[in-house]
Amino acid sequence: MARTKYERWLESCGLERVRRLADEGLSDEEIAIGCGIELPTFRLWKRKYPDFAEALGLGKENADYDIVRALYKKATGYNVAVDKTYKLKRVEFDPQTGKKIREYEELATGVDTAHVPADLRAEIFWLKNRQPERWSERPERDAEGEGGGVVEIPEADTIDEEG
């Protein structure tokens, strides 16, 4: 008896393929296309087959983790090894007379370290999402919908008179 399409995707090799598709950061629609099914069928399989949903979840977690690490690196700055080609000038001298015999240039490859500085936009994005209560640009509102607005800071001479 022939296997149905969903049975192939519930075997270990099918689940691994689904996990890898999700790990590549593909959307549900793109993964459905990769599985050769329509999006409504894909959504049904996610609800109906826990192993299928788990494979998708693991792949998406891996992709999210990679993005978080990349964002963190961009927000804090990092060093990277860069291959560089240098032009070297070689000069050969006669050992007896000390006179120059010949001069030539050659290319040599070496590794240099370049610093990628921290990115302000990545820092702002990170802080607004990780600590919205401290870094939100929108003032907090109370239960009546009031709050925020302008905060008045007393003049320096006013503080001295009160204190």
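Setting aside residues up to four places away in sequence, Arg19 touches Ala55, Leu58, Gly59 and Asn62, where contact means heavy atoms within 4.5 Å. The model is predicted, so local features need pLDDT of at least 70 and side-chain atom pairs count only at pLDDT 80 or more, while totals for chains, interfaces and linings use all residues. Residues are numbered from 1 along each chain as its sequence is written, and side-chain values use heavy atoms, leaving out hydrogens and water.

**Exercise 1.** Find the helix that holds Arg19, then decide: is Arg19 buried or exposed?

*Solution.* 
- Step 1: Helices are DSSP runs of H or I with at least four residues, strands are runs of E with at least two, and both are numbered from the N terminus.
- Step 2: Arg19 sits in helix H2, which covers residues 12-23.
- Step 3: Buried means under 20% relative accessible area, exposed over 50%, and partly exposed in between (1.4 Å probe, protein chains only).
- Step 4: Arg19 counts as buried because its relative accessibility is 18%.

**Exercise 2.** Now turn to Leu56: where is Leu56 found, and which residues is it in contact with?

*Solution.* 
- Step 1: Look in helix H5, residues 50-76, for Leu56.
- Step 2: Leaving aside neighbours within four places in sequence, Leu56 is in contact with Val18, Ala22, Ile31, Phe42 and Lys46.
- Step 3: With 4% relative accessibility, Leu56 is therefore buried.

**Exercise 3.** How many residues apart in sequence are Leu56 and Arg19?

*Solution.* 
- Step 1: Along the sequence, the separation of Leu56 and Arg19 is 37 residues.
- Step 2: In space, C-alpha to C-alpha, Leu56 and Arg19 are 5.2 Å apart.
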